[in-house]
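Hello,

Here is the structure we talked about handing over. Please open it first, then read the notes below.

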Amino acid sequence: MDVLERIDQQVKGHPVVIYMKGTPQFPQCGFSMRAAQALTESGVPFAHVNVLQDPEIFEHLPRYADWPTFPQIYVDGELIGGCDITLELHASGELKTMLEAAVAKAAEAG
Amino acid sequence: MSRQARIRSQLTAQMQPEHLEVLDESHQHAVPPGAESHFKLVIVSDAFTGQTLIKRHRTVNELLRTEFEQGLHAAAIHAFTPAEWQEKGAQAPASPKCRGGSKAKLGAAA
């Protein structure tokens, strides 16, 4: 399968997914760590892809949504941004609302 | 001209910022001295008024496109309108610690 199709399936197959360096348990980048922490603190389950373990995704993810850096956080199939935006949304309380809505929508769609 | 100077002049010309910080934070990361790879940008501009966070970041990423293609690895972006900047007490959040990801592989962050 083409790498962009593979990314598309991951993004659309999970209500919330973070592409990060390392894992939420063992992050290998401070920006990835903070973004994953914000997702964890929101209390909503989320999927993760470790880009350091997948060279193809590491190379091609930046052109999937035309975003040059990691981490990238997708909610309900759309890029919400990287670490800075995720932390701002978390601080304002919007993040939890967005994540819960995405999870509820996915559950309804079954 | 250093990357720091190029970024500063590009953002000054295109965003007409009321306040601009272009901080080279590369020394906090696992890169050689003088790498100019990791930056923190604080941009306060009227141009952001009425724009979502992702739109603001996309605008800034686009202005930095050439730099990303030529070795810029991470840009923490804090983009505010003048009113938001006042509300935040004229302070942007600190950047996170490294954790080694950029040493594992070059290519991206934030």
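Asp54(A) counts as buried, at 17% relative accessibility; the cut-off for buried is under 20%. Keep in mind that this is a predicted model.

Which residue does Asp54(A) meet in a salt bridge? Its partner is Arg6(A), at 3.1 Å from N to O. Arg6(A) lies in helix H1 (residues 3-13) of chain A, and Asp54(A) lies in the loop between strand E2 (47-50) and helix H3 (55-64), so the pair ties together parts 48 residues apart in sequence.

Arg6(A) is partly exposed, with a relative accessible area of 25%. Arg6(A) also forms a salt bridge with Glu56(A), at 3.0 Å from N to O. Glu56(A) sits in helix H3 of chain A and Arg6(A) in helix H1, so this pair links parts that are 50 residues apart in sequence. Glu56(A) is partly exposed at 38%.

Chain B has a salt bridge too: Glu62(B) meets Arg65(B) at 2.8 Å, N to O. Both are partly exposed, Glu62(B) at 43% and Arg65(B) at 33%. Back in chain A, shared partners join Arg6(A), Asp54(A) and Glu56(A) into one network. Over all chains, the structure holds 10 salt bridges.

Now helix H4 (residues 83-92) of chain A. Its buried residues are Cys83(A), Asp84(A), Ile85(A), Thr86(A) and Leu89(A). They pack against several elements of chain A, including helix H2 (30-41) and helix H5 (94-109). They also pack against helix H2 (53-63) and strand E3 (74-80) of chain B. Gly93(A) follows H4(A), with a positive phi near 90 degrees.

Best wishes

Methods: Residues are numbered from 1 along each chain as its sequence is written. Chains are lettered from A and ligands numbered from 1 in the order in which they are written. This is a predicted model: local features need pLDDT of at least 70, side-chain atom pairs count only at pLDDT 80 or more; totals for chains, interfaces and linings use all residues. Side-chain values use heavy atoms; hydrogens and water are left out. Buried means under 20% relative accessible area, exposed over 50%, partly exposed in between (1.4 Å probe, protein chains only). Helices (H or I, at least four residues) and strands (E, at least two) are DSSP runs, numbered from the N terminus. Contact means heavy atoms within 4.5 Å. A salt bridge is a side-chain nitrogen of Lys or Arg within 4 Å of a carboxyl oxygen of Asp or Glu.
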